[in-house]
Amino acid sequence: MEVERSSTDAARDPAPSSSSSLADLETAKRRPRRLPSRPKSFVPAVCVLAATVLAVVVFSADSPWSFLQDAPPSDLTADQLLDGLLTAEFSKRSCRSRYEFASYHEKKKNASHKPSPYLLGRLRRHEALQKRCGPGTAPYRAAVRQLKSGKGAAATDCRYLISISYRGLGNRMLATASAFLYAVLTDRVLLVHQYKQDISALFCEPFPGTTWLLPSGRSFPLGHLRDYGIGSNESLGNMLKANVISVGAHGNASWSDGGDRRPPFVYLHLEGGYDFHDKLFYCDEHQLLLHGAPWLLMKTDSYLVPGLFLVPSFQDELGRMFPEKDMAFYHLGRYLFHPVNDVWRAVTSYYRTNLAGVGQRVGIQIRVFQKKPTPLQHILDQVLSCVRREKLLPEITSSSKINASDQAILVTSLSSWYYERIREEYGGGRVAGGVHQSSHEGRQKWGDTSHDRRALSEMYLLSTCDVLVTTGFSTFGYVAQGLGGIRPWIMPSTPIWSESDLAEKKEVPEPPCVRAMSVEPCFHSPSYYDCTARRDVDVGKVVPYVRHCEDVSWGIKIANQSS
């Protein structure tokens with residue numbers, strides 16, 4: 001990991017090579033503190049030693065006791081609090097990214113993108129719910145005891161939603177943001193399932209005075225949550241098929257016992273391969289049925305928010321929360337996701353060393369969906385064709401080296417080959433800030449926390465750019481554009497699984513890229529079923545602010561009505 005340097009040091013020292021940037025993130029260790037030698041007088045020595053140890057434990061930013069280190073800051077500005085999106089109830093040292101994020105996005109300030117007062121009120125209300133009903137509270141212990149009993153439970157004030165996300169980090173962040181919005185809409189406590197403690201190694205706690213992490217170990221009775229799938233008996237779809245749940249002709253929903261008691265939990269299977277009955281989750285009558293369930297388990301790898309905007313009973317509330325509907329993830333992501341200190345230190349150090357001080361930062365995110373990680377010339381040609389056609393980078397002429405543009409280029413890719421070719425094209429002084437790549441992992445490594453920490457760093461570095469070129473279908477790019485509030489140029493992408501695919505798809509598409517209609521991510525697997533009409537419809541035409549995606553023709557995304 002890069003050592004933090006002042007702007008003077010950065011100007012004096014040459015920029016590091018791409019291989020030295022974020023690759024050593026996991027090796028950063030705190031230097032051991034040397035305790036004072038034992039004095040002649042034993043009792044005073046004990047006091048000094050105790051005070052020293054207490055100071056070391058409490059004032060370490062990474063200590064579990066860091067909540068004692070200082071009072072919540074009183075000098076935070078509206079910018080640091082993202083115009084009220086964040087509260088001032090956290091200490092600065094415990095999670096530096098929370099209040100420093102805004103300073104790396106100052107050039108993109110836009111008064112029209114401020115969160116609505118209604119959204120701020122809902123967030124404060126939800127924080128109180130998390131604190132009142134979250135892990136460690138009497139209501140939570142009672143709810144877990146009821147769950148362990150295996151018996152149905154009557155509705156209570158404290159109800160829970162467990163988010164089970166999977167695949168790459170981009171997928172998991174989008175899935176978690178979706179679960180959070182659904183939890184806010186339905187007044188449920190959000191608990192995030194961790195896999196190998198990955199969430200706590202990546203993100204700070206978003207809710208003051210409590211945790212969003214589902215307690216691990218034997219204390220929670222439902223076993224391996226990732227094992228739930230389309231065949232699970234507890235899924236909404238399978239309970240509908242088995243008539244455990246029934247919905248009448250007039251939309252009246254009931255449980256098979258005819259009473260107020262519900263099953264201990266309901267599993268919501270909302271991943272890409274879900275079937276018709278699982279998709280009924282998006283129907284009002286089934287939402288009414290789910291309302292009283294004390295526990296819901298939501299498994300997805302997708303950004304479900306556009307689907308929630310199509311649920312009639314949610315539309316008024318969502319309209320009040322997001323007057324600018326196409327800023328939903330922009331606000332949700334900035335509220336929820338705050339990189340832990342060592343990840344944030346890597347982000348800011350790399351930024352200051354390589355990207356600061358230029359007039360414009362151009363981010364190029366390249367993702368190739370293929371079995372063999374072999375560099376492809378037509379992908380490089382598509383990137384270069386896009387930046388030239390849209391005049392995002394200067395034309396290369398004999399005088400380009402003299403009249404260098406005041407730009408820096410950040411390339412993110414699993415391969416270093418694309419970065420090296422782009423550096424050959426635009427390096428050598430053609431862009432004043434140079435061409436940079438922070439890491440190149442070779443291949444995606446699901447479930448590898450070290451890999452995810454570097455990926456998270458790159459997402460946040462891309463979010464600081466002024467201009468973005470992204471690869472279609474990539475959730476990595478979706479997260480970066482959403483956090484930065486940037487409408488990217490999207491390069492159409494088609495998966496390449498065989499040599500025949502490569503032969504068919506090696507031509508550069510025309511146009512090579514298109515401007516996104518909004519900063520919102522695409523929902524790749526929506527339901528096409530109109531619950532009122534009882535038939536499939538074109539969900540990209542139901543309401544004016546939900547449209548088909550530029551990069552995934554069958555997907556939907558939220559757009560400004562005037563886009």
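Two strands count as paired here if DSSP finds at least two bridges between them. Helices (H or I, at least four residues) and strands (E, at least two) are DSSP runs, numbered from the N terminus.

Some housekeeping: this is a predicted model, so local features need pLDDT of at least 70 and side-chain atom pairs count only at pLDDT 80 or more, while totals for chains, interfaces and linings use all residues. Residues are numbered from 1 along each chain as its sequence is written, and side-chain values use heavy atoms, with hydrogens and water left out.

**The chain overall**
- The protein chain has 18 helices and 16 strands.
- Of its 563 residues, 54% are buried, where buried means under 20% relative accessible area, exposed over 50%, and partly exposed in between (1.4 Å probe, protein chains only).
- Take the contacts between residues at least 6 apart in sequence: 74% of them join residues at least 24 apart. Contact means heavy atoms within 4.5 Å.

**The sheet**
- The order is S2-S1-S6-S5, an open sheet of 4 strands with parallel pairing.
- S2 and strand S5 (266-269) are the edge strands, each pairing on one side only.
- On average, neighbouring strands of this sheet are turned by 20° against each other, direction ignored. Axes are lines fitted to C-alpha atoms, for helices over the stretch in contact, and angles run from 0 to 180 degrees between N-to-C directions.
- S5 and S6 run parallel and are joined by 4 bridges, with Tyr-267 having Leu-297 as its bridge partner in S6.

**Strand S1 and its partners**
- S1 (residues 160-165) is mostly covered, with 6 of its 6 residues buried.
- Tyr-160, Ile-162 and Ile-164 point one way from S1, Leu-161, Ser-163 and Ser-165 point the other way, and all are buried.
- S1 also pairs with strand S2 (residues 189-192), in the parallel sense and over 4 bridges.
- Leu-161 has a bridge partner in each neighbour: Leu-190 in S2 and Leu-296 in S6.

**Helices on the sheet**
- Helix H5 (residues 138-149) lies across S1, S2 and S6, and runs at about 80° to S6.
- H6 packs on the sheet too, touching S1, S2 and S6, and its direction makes about 165° with that of S1.

**Helix H4 and its neighbours**
- How do helix H4 (residues 117-133) and H6 pack, and at what angle? The angle is about 85°, with the axes 10 Å apart.
- H4 and H6 are therefore roughly perpendicular to each other. Angles under 35 degrees count as roughly parallel, over 145 as roughly antiparallel, 65 to 115 as roughly perpendicular and the rest as oblique.
- H4 brings Arg-122, Leu-123 and His-126 to this contact, and H6 brings Phe-180, Ala-183, Val-184 and Leu-185.
- By class, the H4 contact with H6 has 5 nonpolar, 1 polar and 1 charged residues. Here Ala, Val, Leu, Ile, Met, Phe, Trp, Tyr, Cys and Pro count as nonpolar, Asp, Glu, Lys and Arg as charged, and the others, Gly among them, as polar.
- H4 also crosses helix H11 (residues 312-321) at roughly 105°, and their axes come within 6 Å. That makes H4 roughly perpendicular to H11.
- In this second contact, Tyr-118, Leu-119 and Arg-122 of H4 meet Glu-317, Arg-320 and Met-321 of H11. Its residues divide into 3 nonpolar, no polar and 3 charged.

**Helix H12**
- H12 (residues 328-336) is mostly covered: 9 of its 9 residues are buried, among them Phe-329, His-331 and Arg-334.
- What do the buried residues of H12 pack against? Their partners are H4, H6, helix H10 (305-308) and helix H17 (475-484).

**A close look at Ile-379**
- Ile-379 sits in helix H14 (residues 377-389) and is buried, with a relative accessible area of 15%.
- Leaving aside neighbours within four places in sequence, Ile-379 is in contact with Ile-366, Val-368 and Tyr-418.
- Arg-367 is 12 residues from Ile-379 along the chain, and their C-alpha atoms are separated by 9.3 Å.
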